[in-house]
Amino acid sequence: MIRNIGARVIDGVWRLGFASRFLFLLLRYSGQSFLRLHLTLREIYFSGVLSLLIILVSGLFVGLVLGLQGYETLQRYGSSEALGVLVALSLTRELGPVVAGLLFASRAGSAVTAEIGLMKTTEQLKAMDMMAVNPIARVAAPRFWGGVISMPLLAALFSAMGILGGWLIGVAFIGVDDGAFWSQMQAAVDIRYDIVNGVIKSFVFGVAVSLIAVFEGYDCEPTAEGVSRAITRTVVSSALAILALDFVLTSFMFRG
Amino acid sequence: MAHREEKALVDLRQVHFAYGKREILSGIDLTVHRGQLVAIMGGSGCGKTTLLRLIGGQLKASAGSVTVDGQDMGQLGTEALYALRRRMGMLFQFGALFTDMSVFENVAFPLREHTDLPESMLRDLVLMKLQAVGLLGGHALMPSELSGGMARRVALARAIALDPMLIMYDEPFAGLDPISLGVVGQLIRRLNDALGAASIMVTHDVVESLSIVDYVYFVSDGRIVAKGTPDEIRESKDEFVHQFVHAEPDGPVPFHMKAAPIGELLMGEGGQ
Amino acid sequence: MSRSTIDLWVGLFVLMGGAALLFLALKVGNLSAASFTESYTIEARFANIGGLKVRAPVKVAGVVVGRVADIRYDNERFEAVVSMAVESRYEFPRDTIGAILTSGLLGEQYVGLEPGGDERMLKAGDVLKITQSAVVLEKLIGQFLFNKAAEAPQP
Ligand SMILES: Nc1ncnc2c1ncn2[C@@H]1O[C@H](COP(=O)(O)OP(=O)(O)OP(=O)(O)O)[C@@H](O)[C@H]1O
Ligand SMILES: [Mg+2]
């Protein structure tokens, strides 16, 4: 039992070390992803464009719910005009980056892991290596950067969509004053403090999720079962990483 | 054969290799010269693919030396290794085609990665290679739309796309009908001669390979147990060779992986 | 999917993402709100800042002209030092008074500036001469009771 735990800890440390080395190699061989931009564009298409629908729809629904619940609570204190503030701040600071990150991990991250894992299982990575093409540069790096670039855009779209959803419920359906909704929001939301920090968060989440996805694919055991385990691990570790990083970042950013 | 020893393109000396604790190769000596087409034969699981991986530098020998074109594969850094591999081609045992690219793009891949050829010339080159393996008509297909035999012919076209100096084929004949088998055999021979390259072929097809190769190595139990030119092999009195060439079930080549006798295992299961 | 259609989609995606960011910056965050405009710093010393926080607004005549950039405690003079980033387009006389006020009865605290009549204007790094500390409710009530108690036995 204790030996079992010990072995797992050692295995974990070993993987962490490998992941760090992998990140180092990834960054070192990233040049190609930008010199041959179409490689990265392709990955932005797969992880960004194909995630658009789920991000937009979820953003809208989260905004609608925030609008309803927020109004419910605020009108008890007679300050329903503050609905805009509540919706905008919750989305730009927390919900936008976090929920978009979670969706991104399960939609795009898992797909990346599956793809790379399958390439490993069918020896495509070895064949590439044998053709003097570095698989980290050719396969892993473009997927990593595609995710890193897509994630902040997706989070911004999520937040924007959510605010529109909040507006739809609050202003168009319930009848909160349109002018108050926007002006209070604008007075309370600070660009550097709220919006830029939110974008930084989504960028960090993008790096974390993309790294996990690419690494798990690369590190998976080359069997069908190994690939499926790697996909599960991608989704689970991404979610944990997002929530933990969110806590750390929030405590640094929004202390004042 | 009148090849001088120092000119050898591939030279393995006392190569040992183990996966973990399990020793697969224990003291292999093997030499391939330019212009030569060499066949490696041996029972399933005896380490032939492993041997090719060692020559390609994807695995490192635990003892002994693997030398390709005068360079020790164990000592090379990534850059030098890649420079050398650009002049090698390898046909993987299971094809290993890139599943997200069409047949055309698969063959074009090494050319796109390593040359700056204009698109029109690249197209001509790729179509020529596909013509050579008889799949010109299938250039627009995706790998998932190919049969097993077609896939390995595409992989073969990809392996020779850069006209390498050393070509390794891991079972090029598996899954081919007798006609394509003959064509591919001739292709491998002609290619080797036209390029002045050296080729190493892992195969189980004794008849076909004896008609085209220059030299044959037999591997068993981690060692070279027999070697010779096709004529020597046919005449050979060696019981190992005899068994292999005439496909006899009993002899020094074990059909079974090492294990306790089956009776004992079955008894053991039953007894519990 | 051919390469050019992918390019088109990615282009659209980046445009949409950019538009969303712009929407957040302009419509939600109101870009003109002081964050990126040029500013200069002035300081003020208070005996008590109450619940003032960094980033609280600095207002003149009810208009936001800047934000509180930093709050320190001066251990030699036992005072709080508040630095404020004021937008460069606003200038105030040197005898301007700084006060810590509260918006509404229980609202957030902010720094209110009351411009004086001096000809010369405040420059970056200047310190306000006259300040008025935060009103602390408990103290006020305590004082009131004390006064009442002191008044009572006299007549
Ligand atoms: N990645 C690996 N890890 C551990 N053992 C391995 C690995 N790959 C192969 N082996 C073992 O090494 C031995 C040789 O494998 P190899 O693939 O070289 O055989 P082979 O001669 O190519 O067989 P075949 O003719 O069936 O392709 C096998 O017994 C196999 O069990
Ligand atoms: Mg094999």
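My entries on the interface and the metal site follow.

Ground rules: I'm on a predicted model, where local features need pLDDT of at least 70, side-chain atom pairs count only at pLDDT 80 or more, and totals for chains, interfaces and linings use all residues. Residues are numbered from 1 along each chain as its sequence is written, chains are lettered from A and ligands numbered from 1 in the order in which they are written, and side-chain values use heavy atoms, with hydrogens and water left out.

**Interface, A with C.** I looked up contacts (heavy atoms within 4.5 Å) and got 33 residues of chain A against 28 residues of chain C. The two chains bury about 2,700 Å² between them, 77% of it on carbon and sulfur atoms; that is accessible area (1.4 Å probe) lost on being put together, summed over both. On the chain A side, A:Y45, A:Q186 and A:I191 lose the most area to chain C, together 22% of what that side buries.

**Metal site.** I asked what holds the magnesium ion (ligand 2): B:T49 (OG1) and B:Q93 (OE1) coordinate the ion at 1.9 to 2.2 Å. Donors here are N, O and S atoms within 2.8 Å of the metal (3.2 Å for Na, K and Ca), and water is not among the atoms, so the site may look incomplete.
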